[in-house]
Amino acid sequence: MHEILEKIKEIGIVPVVALDDADDALPLAEALSEGGLPCAEITFRTAAAEEAIRRISDRCPQMLVGAGTVLTTDQADRAAAAGARFLVSPGFNPRVVRYCVEKGYLITPGCSTPSDVEQAIENGLKVVKFFPAEPAGGLGMIRALAAPYKEIQFMPTGGISPANAGEYLRYERILACGGTWMVKEELIKEKAFDKIKELSQEAAKIVQTSRGRDR
């Protein structure tokens, strides 16, 4: 498996972040890292995303920073140029996925059906995002999809919370979960980075417990 995917698996929960102000990028990265989640998927839904990725990439070497909501080849290029180590999309766009594969970008596209997964396999991918996880059938749907596609691992995102993250993470075909509860928009706007650190510590504990690393 790709070394970045191995690192994501080790971290277990990927905070999915929407930043409106790039000045929040570094204190956020510090809070996540100190909380035991040295990873962030910065969504390209805001104008600040590209600069936020660049700042974290340049100044926080301990952080694994990626770009989320990558919908176009232009966004893929901009994210990679800014220092994104991995790219994530909500759905499977064949043109964007092929482009990323050809350019050597690590892309994890959203898949929620067998047809999506087969397109991923066709493009040589080993990990897909399962989105939106809970509305699309949750862990039961992932187990159903995993059965015929033995080589694929899943990164569920959407509706993941402290209440169900452990159940997902205990399933061996889950690479990691994407989550937003430790980086909610109001926490970032309030500069509540100590709270983000605390919630990150609790999330990291869920990973340790669910994967038997706390023994």
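## Strand β1 and its partners

In this predicted model, strand β1 (residues 13-17) runs parallel to strand β9 (residues 177-179), and 3 bridges join them. Strands count as paired if DSSP finds at least two bridges between them; strands themselves are DSSP runs (E, at least two residues), helices are runs of H or I with at least four, and both are numbered from the N terminus. Isoleucine 13 stands opposite cysteine 177 in β9. β1 also pairs with strand β2 (residues 39-43), in the parallel sense, over 2 bridges. Here valine 17 has isoleucine 42 of β2 as its bridge partner.

β1, helix α2 (residues 25-34) and β2 form a right-handed β-α-β unit. Right-handed means that, with the strands pointing away from the viewer, the path from the first strand over the helix to the second runs clockwise.

Residues are numbered from 1 along each chain as its sequence is written. Local features need pLDDT of at least 70 and side-chain atom pairs count only at pLDDT 80 or more, while totals for chains, interfaces and linings use all residues; side-chain values use heavy atoms, without hydrogens and water.

## Burial and the core

5 of the 5 residues of β1 are buried, so the strand is largely enclosed by the rest of the structure. Buried means under 20% relative accessible area, exposed means over 50%, and partly exposed lies in between (1.4 Å probe, protein chains only). Ile13, Pro15 and Val17 point one way from β1, while Val14 and Val16 point the other way.

The largest nonpolar core has 81 residues, of which Ile8, Ile42, Leu87 and Phe154 touch the most other members. Helix α10 (residues 193-210) gives the most to this core, with 7 residues. Such a core is a set of buried Ala, Val, Leu, Ile, Met, Phe, Trp, Tyr and Cys residues joined through side-chain atoms within 4.5 Å. Leaving aside residues up to four places away in sequence, isoleucine 8 touches Val14, Leu64, Phe86, Met155, Leu175 and Ala176; contact means heavy atoms within 4.5 Å.

## A sheet of three strands

An open sheet of 3 strands has the order β6-β7-β8, with parallel pairing. β6 (110-111) and β8 (153-156) stand at the edges with a single partner strand each, so one side of each has no neighbour in the sheet. β6 and strand β7 (residues 127-130) are joined by 2 bridges, and glycine 110 has lysine 129 of β7 as its bridge partner.
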